[in-house]
Amino acid sequence: MSRLFFFHVFLPLLIGFFIYLFFREDSLLFFNWAKKINLYNILIEIRSILNPNNLVFHNWMTQILPDALWCYSYSSFFIIILNKKLNIKNIWLFSIPFFVAVGFEFFQYFSILKGTFDLYDIFAYLLSVILSLCLLTKKFKKNETLTKN
């Protein structure tokens, strides 16, 4: 179970975090938090080592992928916790990440939250939830078959 958790929950979060940290503009809310706890200068120093040209990319890989990875990770967490018990009664647990993410997008659309509404983000959230469901249910079925033999 720990390998499953590492590859489908922890690693996607870590990759998304590093994309934010090293390839996004430092005006993000995360960097404001880093300033408040006196980590901003350390982060900028690490960033200058790992991204020496201070390249900030504005494409799907830096704008959409971190959010999709978060959604994938969160969905995977619930699938792993529920294991083979994913059914109509508890499907709402699995659906939480998607609805939270889409909710944030619509809050941005109606200017309730700061940000830019993006249909590509919603598509990425949906894709990440479906991918999580497909990969992990396939993995559980494969493990179930191996243990029966």
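## Starting with a question

Which elements each supply at least two residues of the lining of the second largest pocket? They are α5 and α7. Helices here are DSSP runs of H or I with at least four residues, and strands are runs of E with at least two, numbered from the N terminus.

Before going on, please note that this is a predicted model, where local features need pLDDT of at least 70 and side-chain atom pairs count only at pLDDT 80 or more, while totals for chains, interfaces and linings use all residues. Residues are numbered from 1 along each chain as its sequence is written, and side-chain values use heavy atoms, leaving out hydrogens and water.

## The second largest pocket

This pocket holds about 250 Å³ of space. A pocket is an open set of points on a 1 Å grid over the protein atoms alone, where a 1.4 Å probe fits, with protein on both sides within 12 Å along at least five of seven lines; lining residues have an atom within 4 Å of a point. Grid points are joined across faces, edges and corners, and the volume is the space filled by probe spheres set on the points.

Among the residues that line the second largest pocket are P12, W60, Y72, Y120 and L131. With five residues, α7 gives the most to this lining. By class, the lining has 11 nonpolar residues, one polar and no charged. Here Ala, Val, Leu, Ile, Met, Phe, Trp, Tyr, Cys and Pro count as nonpolar, Asp, Glu, Lys and Arg as charged, and the others, Gly among them, as polar.

## The largest pocket

About 1300 Å³ of space lies in the largest pocket. It is lined by 31 residues, and those closest to its centre are Y20, R24, L28, D67 and Q108. Two or more lining residues come from each of α1 (2-23), α2 (29-36), α5 (65-82), α6 (91-109) and α7 (119-148).

The largest share, five residues, comes from α1. The lining of the largest pocket divides into 17 nonpolar, seven polar and seven charged residues.

## Rings that meet

The structure holds 13 aromatic pairs. Rings of Phe, Tyr and Trp (its six-membered ring) pair if their centres lie within 6.5 Å; planes under 30 degrees apart count as stacked, over 60 as edge-to-face and the rest as tilted. F6 and F7 form an edge-to-face pair, 5.1 Å centre to centre with 85 degrees between the planes. F6 is partly exposed at 35% relative accessibility, and F7 is partly exposed too, at 43%. For these terms, buried means under 20% relative accessible area, exposed over 50%, and partly exposed in between (1.4 Å probe, protein chains only).

F31 and Y40 also pair edge-to-face, at 6.3 Å centre to centre and 85 degrees between the planes. F31 is buried at 0%, and Y40 is buried at 17%. K35 lies over the face of Y40, 4.7 Å from the ring centre; a charge sits over a ring if NZ of Lys or CZ of Arg is within 6 Å of the ring centre and within 35 degrees of the ring normal. Elsewhere, ring pairs link F5, W70, Y74, F77 and F78 into a cluster.

## Two residues with positive phi

Most residues other than glycine have a negative phi. N38 is not a glycine, yet its phi is positive, about 60 degrees. N38 lies in the loop between α2 and α3 (40-50) and is exposed, with a relative accessible area of 66%.

S111 also has a positive phi of about 60 degrees without being a glycine. S111 sits in the loop between α6 and α7 and is exposed at 63%.
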